[in-house]
Amino acid sequence: MNKITPANRWRGFTLIELLVVIAIITILAAMLLPVLCGAKSRAQRAQCLGNLRQLQTCWLMYCNEHNDSLPGNPKLPATNSGPAWVFGDVEDPSDATNTDLIKAGQIYSYSGSIGIYSCPTSSRLPDNRLSPPITYRVRTYSMNCYMNGQDVGSSHAGLPSGLYTVNTKLTDVRKPGPSSAMVFLDEAPFSIDDGDFGFSPSGLPGYGPVNEWFNIPALVHGGSNFTFADGHVEFHRWIDPTTYGINEINYVDSSTDQADLRWVQNAIATY
């Protein structure tokens, strides 16, 4: 029987043993880090979706209390004339952090919360259109231009006017119907300015397809979050890898089938 002496009772780790332990810890950290990053990303996406759900509820409450009329969604001039669901141009540094422009909007009183107007991720992504860039915005969400806004298919894409309905009442929302008609979305930091998300439908027979993204949805979640006129919210994952490379407005889509572009166009307005 071996006798335990004080010397071997308190023997420390050898250098090799310490290196093995460090290597094991490094491997475990490398395995856990992507999991933790993924969990954080999913949590931010869920928070963004929750904010949009609350914003959509406010929109519906406004409609219900105003004889089905939709909140205003103008392409705002510098004077910030209304009425409008929100005011301000967050491409402007002074407007980007001005919460009064949110409070003055038609739907703010239904929640009283500034926080539901922005995605926790998108709000802090830099907008490099200016120097120095804007690095924080109190609003990253915009509203479909066909929800009491403007007929972008006619004004920007050269399509005939009046064939795509600019909805002014909830009962107007038929093409597409409420479950497919987009209302709010998270917009990319290099695209967002006023509260109007300007986008053209896909086109008309005899006029050819519209293969251009005018404004750009957010690309930070591996897709983007959207709300719809029936009240539901939805995360849509982008299908085409080239979509993630969009870094400017008025982007011409040269992908094989324009699957992501067509999805957005069909949720904006259909013929």
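Which residues of α6 are buried? I looked this up first in the predicted model, where local features need pLDDT of at least 70, side-chain atom pairs count only at pLDDT 80 or more, and totals for chains, interfaces and linings use all residues. Residues are numbered from 1 along each chain as its sequence is written, and side-chain values use heavy atoms, with hydrogens and water left out.

Entry on α6. I found Asp260, Leu261, Arg262, Val264, Gln265, Ala267 and Ile268 buried (under 20% relative accessible area, with exposed over 50% and partly exposed in between, for a 1.4 Å probe and protein chains only). Helix α6 spans residues 259-268, and because seven of its 10 residues are buried, the rest of the structure largely encloses it. Helices (H or I, at least four residues) and strands (E, at least two) are DSSP runs, numbered from the N terminus.

Entry on aromatic pairs. I noted 10 aromatic pairs in the structure. Rings of Phe, Tyr and Trp (its six-membered ring) pair if their centres lie within 6.5 Å; planes under 30 degrees apart count as stacked, over 60 as edge-to-face and the rest as tilted.

I looked up tryptophan 85 and phenylalanine 184, an edge-to-face pair at 5.0 Å centre to centre with 65° between the planes. Tryptophan 85 lies in the loop between α2 (15-65) and α3 (93-96), and phenylalanine 184 in strand β2 (residues 182-186), 99 residues apart. Phenylalanine 184 counts as buried at 0% relative accessibility.

I then looked up phenylalanine 199 and tryptophan 213, whose ring centres are 5.7 Å apart with planes at 85°, so this pair is edge-to-face. Both residues are buried.
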